[in-house]
Amino acid sequence: MTDSERRADLRLERAILDLLERRAPTATICPSDAARAVYTGDDDGWRALMEPARRAARRLVEAGEVEITQGGRVVEPAKARGPIRIRRVR
């Protein structure tokens, strides 16, 4: 992993936590919210950050900071397929 990739990973983790901090305690975000927050262009280049944003969410789950949900239920990050939401740990 390059320094640039490590910095992008840290920015995505921070973006997830910052976005959740600005929302209601029960609110969720989509990984795309973090990808858009980190991406500096004005086109759809943020889409390339979607998988890195999902990986950042998984790292934050491991750190006990957030939960990943599907259909309103907490799921194991490794088993999540398809759209996910991220929320604060309850």
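Which residues does Ala 34 touch, not counting residues up to four places away in sequence? In this predicted model, local features need pLDDT of at least 70 and side-chain atom pairs count only at pLDDT 80 or more, while totals for chains, interfaces and linings use all residues. Residues are numbered from 1 along each chain as its sequence is written, and side-chain values use heavy atoms, with hydrogens and water left out.

With contact taken as heavy atoms within 4.5 Å, the partners of Ala 34 are Leu 12, Ala 15, Ile 16 and Leu 19. Ala 34 also belongs to the largest nonpolar core, which has 21 residues; such a core is a set of buried Ala, Val, Leu, Ile, Met, Phe, Trp, Tyr and Cys residues joined through side-chain atoms within 4.5 Å. Buried here means under 20% relative accessible area (1.4 Å probe, protein chains only). Among the residues with the most contacts inside this core are Leu 12, Ile 16, Val 66 and Ile 86. Helix 1, helix 2, helix 3 and strand 2 each supply at least two of its residues, and the largest share, 5 residues, comes from helix 1. Helices (H or I, at least four residues) and strands (E, at least two) are DSSP runs, numbered from the N terminus.

Now to helix 3. Its buried residues are Pro 52, Ala 53, Arg 54, Ala 56, Ala 57 and Leu 60, and these pack against helix 1 (3-21), helix 2 (31-38), strand 2 (66-70) and strand 4 (85-88). After helix 3 comes Gly 64, with a positive phi near 80°.

Overall, the protein contains 3 helices and 4 strands, in the order α-β-α-α-β-β-β along the sequence.

Note on methods: Buried means under 20% relative accessible area, exposed over 50%, partly exposed in between (1.4 Å probe, protein chains only).
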